Amino acid sequence: MDHENSSMAIEFVLNHLSTAIQQIVEPRRKEDDTFAIFFMRIAQANADLSYEAADKMKAELRAYKLTDVSFQDVHHFGAKFLNTERQLHNGKRWDHSLGLIFIRELSTCPSEVMRVTFIGIGERYDTALREINPLSYDEQRTRMFSLNVHISQLVERADDLYAQIKAVDGGWPPLVNIVDKKAPDINSLTKLSHAEQAALISSGQVDINNLVQSKVKELRTKDKKQLEAYKKRFAKQSPTGDTKAPNTTPSGDSTKTAEKRAERPLPAWRTKPPAANNKDEVKEVGKYKFQWCDKCSKWVWNHTSATHKSKSPEANNFILADSANVFEEFTDYAPFADSQE
């Protein structure tokens, strides 16, 4: 390949490299590099980058602690070791001494059963490391598996033991200490971080479905109480449409204010009766339906002639006056306003 074609090929390849590789290759590149030499520089850059990445992963694992995981979840803790081992093994860069980090953390965890188990494993692991020292990478890996102390085997053993500890009455200490698994409270659960919630729920220590149902029931009870308070303030209406006047004036209103509401003039259409042959007529005004009440001699929204229960005009006026307040306070339309015809 002549120099011109070689330069074109180099530029083409360089423009399609990752930024990380470009940053390594570019300073090393020389003007008279042939494509073959340039390709070798790329291979070296990949190797350098791979070593750098491997060293970074090893450093992260050496600094990794069980307490870095929510509720000291052993399963999630071990998953990081497995993932790192797989990545480093692809380049034959896994260091078996990293298994000591995993053993050390579980040998000092809050569970006595887990501690005792991994203290014993630690002694066997130290012996295995000395034994494999003179062996090649592949031989070391094979020997660790044969001794049942390869990191994947240690993680599997820890997972099984973790599941057993959570299943017994005592449970996993970090989980038991944060939330009472016998009577969990969703309000305390929502105060935890998302990661802590996920760890707690996945651990099986709490039943999220029961918690949610309890919260829904609580909210429904609260809404029911608010509705009852609302009815007591303005009017108490049964499911059949029967209406009774409250025994007291609305909360926060003086008797004089209630009397003024009762004296409020009604719009003309409210007192104009329907045709004699159309007593069951329904008027739709805005979002509300009105029917004529013979006993009230007006169109009303909360009962009919058949369901009229009031013993005196004053009592019925009181209900209607407070009903007007309901419309004025909670809607954009006030059917009892003087301007409505």
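I took axes as lines fitted to C-alpha atoms, for helices over the stretch in contact, with angles running from 0 to 180 degrees between N-to-C directions. Helices are DSSP runs (H or I, at least four residues), numbered from the N terminus.

The model is predicted, so I noted its limits: local features need pLDDT of at least 70, side-chain atom pairs count only at pLDDT 80 or more, and totals for chains, interfaces and linings use all residues. Residues are numbered from 1 along each chain as its sequence is written, and side-chain values use heavy atoms, without hydrogens and water.

**Helix 6 and helix 7.** I found these packed at an angle of about 150°, with axes 10 Å apart. They are therefore roughly antiparallel (over 145 degrees). On helix 6, Y125, A128, L129, E131 and I132 make the contact (heavy atoms within 4.5 Å). On helix 7, the partners are Q140, R143 and M144.

**Faces of helix 6.** Which residues of helix 6 are buried? I listed M114, T117, F118, I121, G122, Y125, A128, L129 and I132 (buried: under 20% relative accessible area, 1.4 Å probe, protein chains only).

**Helix 4 and helix 5.** I read an angle of about 170° here, with axes 11 Å apart. That makes helix 4 roughly antiparallel to helix 5. V74, F77, G78 and F81 of helix 4 touch I101, F102, E105 and L106 of helix 5.

Note on methods:
Buried means under 20% relative accessible area, exposed over 50%, partly exposed in between (1.4 Å probe, protein chains only). Helices (H or I, at least four residues) and strands (E, at least two) are DSSP runs, numbered from the N terminus. Angles under 35 degrees count as roughly parallel, over 145 as roughly antiparallel, 65 to 115 as roughly perpendicular and the rest as oblique.
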